[in-house]
Amino acid sequence: MSSVARLTAAAAAAGVLAAAVALPAVGGTGAIFVSASEELGIKPEELKEPPLAEKTTVVDARGNVIAQFWEQYRESVTLDQVAPIMKTAIISIEDFRFYEHGAIDIEGTLRALAKNLSSGGIAQGGSSITQQYVKQVLLNSATTEKERNAALEASYARKLKELRYAMAVEEKYTKDEILEKYLNIAYFGAHANGIEAAAKRFFGVHASELNLAQAATLAGAVQDPNATDPNLGRAQRKRLLARRNVVLDRMAELKKITPEEAAAAKAKPLGYKGTPLPGGCTASKYPYFCMYVRNEVLSNPAFGKTARARAQFLNRGGLTIQTTLDPKMQAAAERAIKKHVFASDDPVAAEALIQPGTGQIKAMAASRKYGNNKRKKEMSYNVVADAQHGGGTGFQAGSTFKTFTLVTALKQGWKINDGFSVGSGYRAPYYSSFKNCKKENIGDPTHTVTNDEGGGGFKTLATGTWQSVNTFFVMLEQKVGLCETIKTAKSLGIHRSDGLPLTEYETFTLGTNEMDPVTVANAYASLGARGKYCKPMAITKITDRNGKVTTYRPQCKQVLDPEVADAAANILSGVFTKGTMRGVGGIGRPAAGKTGTTDNQATAWFAGFTPDLAGAVSIGDPRGAQDHKLNNITIGGRYYPSVFGSSIPGPIWKDTMMAALKGVPPTDFHPVNTARFGGCGSGCAPRKTSSDDATNDDGVDRLEEADTDF
């Protein structure tokens with residue numbers, strides 16, 4: 001009796017003919033269709049084949065891999081990148097007549113049908129490799145639990161649907177193309193999808209390097225990858241070993257290998273290596289930068305209209321994302337931080353480096369490792385960035401904000417040596433003396449801003465900045481306008497780390513808003529670029545799985561008159577020679593910056609820039625800066641009675657910049673337009689302006705959140 005006749009008889013016995021189901025047998029020299037009804041027959045149905053989920057690779061500016069993201073760990077390969085023995089093994093055990101039959105293997109189907117008849121259900125699949133490929137496509141395409149269950153249900157209806165699709169697949173592709181697609185979509189267990197990922201995960205080799213025993217192991221794994229998942233334990237490995245030997249016996253039976261080769265391979269141990277899967281940011285060498293990139297993709301509409309679309313783009317897209325990270329500069333930041341702050345210290349130091357004129361983030365480093373191990377004091381969030389990029393609430397930025405009041409004054413025509421007298425304490429003379437940007441009166445005549453060491457007397461824009469005099473800057477802010485100062489800060493990209501609106505009080509200039517190093521560094525980078533603000537950027541190019549390249553360029557705009565930025569740089573450069581950083585010193589090239597320390601040393605900062613590179617360093621206790629201040633504390637193995645911006649952040653910045661810019665020719669700042677801004681600092685005669693003589697030395701109350709850097 002022929003195969004077709006036997007199938008017809010078996011089908012009739014099962015009642016299949018009553019349902020008018022048709023089964024085609026395509027193979028050999030022609031096509032035979034067995035049908036119980038002329039009206040109903042099985043016809044090919046086009047299978048939608050969405051792209052397979054592929055891992056995304058993130059590289060630094062030099063092309064070095066720094067992270068990988070994936071929903072399914074898969075690396076697709078062409079058939080010629082698969083060892084011939086692997087192809088032989090999978091065909092031998094799954095569909096030994098693969099190259100001989102069409103969409104359905106009649107003999108295999110007969111065997112499965114007979115088994116199913118005796119069991120009363122779907123006990124055996126009898127699926128060809130083409131049918132298995134169809135099933136995997138349907139399973140991988142499922143977006144709902146209902147669709148997933150439909151792809152897996154044990155029913156004749158599902159098998160019939162798969163067969164229609166399989167017929168279309170056989171018409172569309174060659175056998176080699178089908179085998180390639182199957183090997184790339186198949187799941188092997190241990191989170192390995194596709195033959196290349198499986199070869200790496202199981203044995204630490206490429207698919208092209210698999211030997212007989214390894215190939216038989218992987219060929220055996222596809223039947224029930226969860227039951228034989230070697231990553232789950234001893235019982236699963238034992239089952240996988242047994243399954244491997246079944247494959248070897250079958251290969252010998254089909255004379256694909258000799259009995260001696262089978263015996264030698266069966267004598268080998270399983271050899272499962274469990275090569276670690278490429279991880280996300282936790283496994284990255286640069287976890288904080290990695291988190292920034294990941295969150296940039298997931299939150300930016302440029303990478304997808306919806307959150308789901310962006311997640312699929314990142315985790316399934318098979319992208320290569322080239323970033324701005326400079327490994328040399330990153331190493332410089334990491335070494336500098338490690339020198340001054342230990343990972344075991346309660347306070348955490350964080351630093352960001354940004355290129356003026358492009359906004360490119362060149363480095364993001366912190367004193368602690370990223371992770372969830374509290375005992376090891378690992379950071380569970382991005383301490384270098386804002387909440388949008390995986391960060392937290394940040395730390396108050398202290399006197400680094402005085403720069404924005406300084407710039408506002410220069411914008412309004414103040415000269416470098418314009419100034420006024422101040423006392424050791426300052427109270428707003430009346431409630432309307434400060435107005436926020438809603439034009440509400442927020443001046444508080446009952447509240448006194450003080451200087452940590454007095455600091456009274458006549459101060460100019462230059463000397464007030466160098467000495468970081470609180471009373472001078474609050475009074476200057478009153479003169480130039482609180483809202484105008486806030487607008488200046490916002491134009492330079494300043495926003496709260498937690499994403500909430502900036503608080504608009506008279507202490508704004510003292511840095512009472514919580515910031516992150518990326519935001520502060522980028523604001524200072526804008527001064528280094530002569531007033532050109534560029535949005536922080538971490539991604540320069542994305543290449544998709546088909547080789548299509550999308551390039552991302554800096555998003556910049558001129559927000560300050562270049563001459564205003566020049567004057568600010570001139571004053572801020574004196575911080576190294578005449579101000580709060582004079583004990584630390586410069587970096588051997590033109591540089592400018594500002595220290596920052598909050599009241600009673602809750603946090604400390606330094607932000608600085610050259611025309612080539614800008615950076616910001618923060619240090620504070622993540623348990624709560626106000627409750628865990630930086631006084632009488634040992635950090636980096638050194639005892640500090642009190643930590644200021646020049647104590648730890650300043651030296652970290654200096655060490656970082658000297659190493660990061662080594663070999664880079666120094667660039668000079670543009671000279672000040674003296675006709676517009678007067679002379680250069682203390683070498684010029686000071687000129688007084690009208691002053692609200694509102695200094696108060698009596699009843700001084702230290703402002704809880706006020707900056708007291710000196």
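Which residues are linked in a network of salt bridges?

Modeller: The network of salt bridges links D346, K377, D621 and R623. A salt bridge here is a side-chain nitrogen of Lys or Arg within 4 Å of a carboxyl oxygen of Asp or Glu. The model is a predicted one, in which local features need pLDDT of at least 70 and side-chain atom pairs count only at pLDDT 80 or more, while totals for chains, interfaces and linings use all residues. Residues are numbered from 1 along each chain as its sequence is written, and side-chain values use heavy atoms, with hydrogens and water left out.

In total, the structure holds 21 salt bridges. One of them joins the side chains of K172 and E46, with 3.4 Å from N to O. Because K172 belongs to helix α6 (residues 156-172) and E46 to the loop between β2 (30-34) and β3 (56-59), this pair ties together parts that are 126 residues apart in sequence. Such elements are DSSP runs numbered from the N terminus: helices are H or I with at least four residues, strands are E with at least two. K172 is partly exposed at 47% relative accessibility, whereas E46 is exposed at 53%. The classes are buried under 20% relative accessible area, exposed over 50% and partly exposed in between (1.4 Å probe, protein chains only).

A further salt bridge pairs K266 with D249, whose closest N and O atoms are 3.0 Å apart. K266 sits in helix α11 (residues 259-266) and D249 in helix α10 (residues 234-253), so the contact ties together parts 17 residues apart in sequence. Both ends are partly exposed: K266 has a relative accessible area of 33%, and D249 has 39%. In the loop between α10 and α11 lies another lysine, K255. Its phi is positive, about 60°, although K255 is not a glycine. K255 is exposed, at 74% relative accessibility.

R676 and E563 also meet through their side chains in a salt bridge, at 3.0 Å from N to O. Distant parts of the chain are linked by this pair, since R676 is in helix α22 (residues 674-677) and E563 in helix α20 (residues 562-577), 113 residues apart. R676 is partly exposed at 29% relative accessible area, and E563 is partly exposed at 27%.

K338, K369, R375 and K376 form a positive surface patch. Patch members have over 30% relative accessible area and no salt bridge, with like charges joined within 9 Å. Lys and Arg count as positive, and the place of a charge is taken as NZ of Lys or CZ of Arg.

S468, in the loop between α16 (461-466) and α17 (470-480), is buried at 2% relative accessible area. Its phi is positive, near 50°, in a residue other than glycine. Of the 11 residues of α17, 10 are buried, so the helix is largely enclosed by the rest of the structure. G481, which follows α17, has a positive phi near 105°.

Conventions. Patches are made of residues with over 30% relative accessible area and no salt bridge: like charges are joined within 9 Å, nonpolar side chains (Val, Leu, Ile, Met, Phe, Trp, Tyr) within 5 Å. Accessible areas come from the Shrake-Rupley method with a 1.4 Å probe; for residues, only the protein chains shown count as cover.
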